[in-house]
Amino acid sequence: MNGARSIQVARQASLAVGLSILFLQVSSVAEASEAASAPPHNVVFILTDDQRYDELGFLNDEVTTPQLDQLAAEGVHVRNSFVTTSLCSPSRASILSGQYAHAHGIVDNLERDTAPGTVFFPEMLQAAGYQTAFIGKWHLGRHEDTPQPGFDRWVSFAGQGVYYPGADSTLNVDGERVPQKGYITDELTDYALDWLGSIDRDRGFFLYLSHKAVHADFLPAERHRGQHPSGEINLPRAAASGYQYPEGTPMWVRNQRNSWHGVEFPYHSDLDLREYRQRYHEALMAVDESLGRVREALSELGLADNTLVVFMGDNGFLFGEHGLIDKRNAYEESMRVPLIVQGAGLPAGATVDDMVLNIDIAPTLLEWTGTEPTTTMHGRSFLPQLRGESVNNWRTEFLYEYFWEWVFPHTPTTFALRTDRYKLIQYHGIWDTDELYDLHADPAEQVNLIGRPEYRDLAQSMRERLFRSIRETDGTPSVPFTMKRGPGLHYRRASGSHAAPFPGKLLRTGHEDDLEHYTD
């Protein structure tokens, strides 16, 4: 009896194990089937050129951007978005690689190759089975428009391209040279929509729409000319003639005022800055319409619900702040950019206040698509913040870098460390003052705190952390440069402001204590 009972118990146990295995197999098959039938995670990444962080209608009454306003209302506005180098080529390479410029090797807008081993994230998406397309301005390395690895579809142009077609204006479409037919923002959008209409909707896709707009020289579409009267445009105080710089302003800033990138001799011309910004606003209007067309196409194709739409600028732009125009420097108007993310179940009308960088785009989109990165990335995914989650160990500071270009000799090599409150800016290779600002008390960066005894420890600590940040992101204590081919754009207006004097805090009579006992 005991033996029979034991056999029965054993059979029951064996049956239970068998049923458990069968259940697990059925569950695995069901989960796999569910995963296979789930819609793929798609991405539309739209990049603009030279668009400031505040060049958005919901932040600036001077601007008309109904589609961008709607995108923010239906998605997430990342309010503290920055680039790690405020310049076209380095920033774009950082977006694609997730790395700082000193690591990926594209440190300026001149002829360069990426560092050995650099891989751009679209190559990873393509290897994972994604359909990929690049349409627009590439402007990396040697500024060619030849098709690049990682993209099934390719539409581009050499260098900066042109807004309106001329006799020699062409596009490179999958390796074939074709004439540019119309206004560039509209034509790039047409190509993007054509590709969206041709894809396999059962497979994931990544569309990178990279606009020429709103890069200088700003030329709006004919339908938008005159819609932003220049008389209604306000300029900062530093753009006014006779402006007196605050004490502590570096010499190079005062001198750049009268240069190619300054308000006194902009582009070596008599450019009217108000009219210039008028055209900037108006050139953005076609980009705004393009966004609306892309989103409408996603809805009509049934792709909107599972597509993440990311809209971003590659760097900021100054319109007279500090007496300067353009970008490159480490001031807020240069390094801050717009960033809005919408779709795929993200909360509507939400904001993210954490500091998000261009090097965070690649890891974020890879996480969204379920693709493992194959290279080291310095950025991090901010997908949790987009979903409304708190991230306790998120960055509280970041490194900014810009490397001197011989074409534009008036902006020095610049390193900066920006925290949520303070910004240290230090310069390499020039005899001048560094800068330290309390961004809470002084958001316009007018009161330079460097050298004040009460901020000496803070400045020293930030210098150490800045240097450590370079080391920790595969950098070395060296400054890259490109072969100098000429003097660059180095002219000044003879009737403009004269060379700036040395900062007062550097001047001595010869009897001061700090001449013998150095302190910083």
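Me: Is Glu472 buried or exposed?
Reply: Glu472 is exposed, because its relative accessible area is 57%. Here buried means under 20% relative accessible area, exposed over 50%, and partly exposed in between, with a 1.4 Å probe and protein chains only. Keep in mind that this is a predicted model, where local features need pLDDT of at least 70, side-chain atom pairs count only at pLDDT 80 or more, and totals for chains, interfaces and linings use all residues. Residues are numbered from 1 along each chain as its sequence is written, and side-chain values use heavy atoms, with hydrogens and water left out.

Me: Which residue forms a salt bridge with Glu472?
Reply: Arg468 does, with the closest N and O atoms 4.0 Å apart. A salt bridge is a side-chain nitrogen of Lys or Arg within 4 Å of a carboxyl oxygen of Asp or Glu. Helices (H or I, at least four residues) and strands (E, at least two) are DSSP runs, numbered from the N terminus. Arg468 counts as partly exposed, at 41% relative accessibility.

Me: How many salt bridges does the count come to?
Reply: The count is 31 salt bridges. One of them pairs Asp49 with Lys137, at 2.3 Å between the closest N and O atoms. That pair links distant parts of the chain, 88 residues apart: Asp49 is in the loop between strand E1 and H2, and Lys137 is in strand E4.

Me: Are those two buried or exposed?
Reply: Asp49 and Lys137 are both buried. Asp360 and Arg395 also meet in a salt bridge, at 2.7 Å from N to O, and both of these are buried too.

Me: Switching topic: where does Asn358 lie?
Reply: Asn358 is in the loop between strand E14 (356-357) and helix H10 (361-369). It counts as buried because its relative accessibility is 0%.

Me: What joins the side chains of Asn358 and Thr84?
Reply: A polar contact of 3.2 Å. That term covers a pair of N or O atoms within 3.5 Å; within protein, one must be able to donate a hydrogen and the other to accept it, and residues adjacent in sequence count only if both atoms are side-chain atoms.

Me: And which residues of helix H2 are buried?
Reply: Leu68, Leu71 and Ala72 are buried in H2. They are on the same side of H2, because they cover an arc of only 95° around the axis, taken from the directions from the helix axis to the C-beta atoms.
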